[in-house]
Amino acid sequence: LREIRDLLALGNRRCTDTRALAEAHLADIEQRLADLGRMRRSLARLIRQCREHRDPECPIVRTLTHGIKS
């Protein structure tokens, strides 16, 4: 909502400024989607490891404790 307010505050007279702000918001959304994609892949991998693990230590807890490897 804040982003929409920012765009509307620029008004109809400043299309260049409005487009630049919209492009910045689009870049932010694309970055968030990329981050979510990486998180999705990591979580899916951890779930797979958890299903297959033979180790008494849970792979999900171990990864959260020691950090996720890229």
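Biologist: Start with a pair. Which residue forms a salt bridge with Glu-23?

Modeller: Arg-19 does. Their closest N and O atoms are 3.6 Å apart. Keep in mind that this is a predicted model.

Biologist: Where do Glu-23 and Arg-19 lie?

Modeller: Both are in helix 2, four residues apart. That is about one turn of the helix.

Biologist: Buried, partly exposed or exposed, for Glu-23?

Modeller: Glu-23 is partly exposed, with a relative accessible area of 47%. Arg-19 also counts as partly exposed, at 45%.

Biologist: How many salt bridges does the count come to?

Modeller: Three. The cut-off is a side-chain nitrogen of Lys or Arg within 4 Å of a carboxyl oxygen of Asp or Glu.

Biologist: Which side chain meets Asp-28 in a salt bridge?

Modeller: That of Arg-32, at 2.6 Å from N to O. Asp-28 and Arg-32 are four residues apart in helix 2, so about one helical turn separates them.

Biologist: What is the relative accessible area of Asp-28?

Modeller: Asp-28 has 33%, which makes it partly exposed. Arg-32 is partly exposed as well, with 47%.

Biologist: And which side chain does Arg-38 meet in a salt bridge?

Modeller: Arg-38 meets Asp-35, with 2.2 Å from N to O. These two sit three residues apart in helix 2, so they are separated by about one helical turn.

Biologist: What about accessibility for Arg-38?

Modeller: Arg-38 is at 43%, so it counts as partly exposed. Asp-35 is at 32% and counts as partly exposed too.

Biologist: Zoom out to the whole chain. How many positive and negative side chains does the protein have?

Modeller: There are 15 positive and 10 negative ones. The centres of the two sets lie 3 Å apart.

Biologist: Now the fold. How many helices and strands?

Modeller: Three helices and zero strands. Along the sequence the pattern reads α-α-α.

Biologist: Why is the protein said to be more spread out than a compact globule?

Modeller: Because its radius of gyration is 21 Å. The globule rule gives 11 Å for 70 residues, and the value here is well over that.

Biologist: What does the C-alpha trace span along its principal axes?

Modeller: About 65 × 15 × 15 Å.

Biologist: How much of the protein do buried residues make up?

Modeller: Buried residues make up 10% of the 70. Buried here means under 20% relative accessible area.

Biologist: Which residues make the nonpolar surface patch?

Modeller: Ile-29, Leu-33, Leu-36 and Met-39. The patch comes to about 410 Å².

Biologist: Take Leu-33. Where does Leu-33 lie?

Modeller: In helix 2, which runs over residues 15-52. Leu-33 has a relative accessible area of 54%, so it is exposed. The cut-off for exposed is over 50%.

Biologist: Switching to spacing. How far apart in space are Thr-18 and Leu-7?

Modeller: They are 5.9 Å apart, C-alpha to C-alpha, and eleven residues apart in sequence. Thr-18 is in helix 2. Its relative accessible area is 22%, so Thr-18 is partly exposed.

Biologist: Last one. Where is the place of Pro-56?

Modeller: In the loop between helix 2 and helix 3. Pro-56 counts as exposed, at 82% relative accessibility.

Biologist: How far apart in space are Pro-56 and Cys-15?

Modeller: They are 60 Å apart, C-alpha to C-alpha. In sequence they are 41 residues apart.

Note on methods: Residues are numbered from 1 along each chain as its sequence is written. This is a predicted model: local features need pLDDT of at least 70, side-chain atom pairs count only at pLDDT 80 or more; totals for chains, interfaces and linings use all residues. Side-chain values use heavy atoms; hydrogens and water are left out. The radius of gyration is taken over C-alpha atoms; the globule rule is 2.2 Å times the number of residues to the power 0.38. Buried means under 20% relative accessible area, exposed over 50%, partly exposed in between (1.4 Å probe, protein chains only). Lys and Arg count as positive and Asp and Glu as negative; His and the chain ends are not counted. The place of a charge is taken as NZ of Lys, CZ of Arg, CG of Asp or CD of Glu. Patches are made of residues with over 30% relative accessible area and no salt bridge: like charges are joined within 9 Å, nonpolar side chains (Val, Leu, Ile, Met, Phe, Trp, Tyr) within 5 Å. Accessible areas come from the Shrake-Rupley method with a 1.4 Å probe; for residues, only the protein chains shown count as cover.
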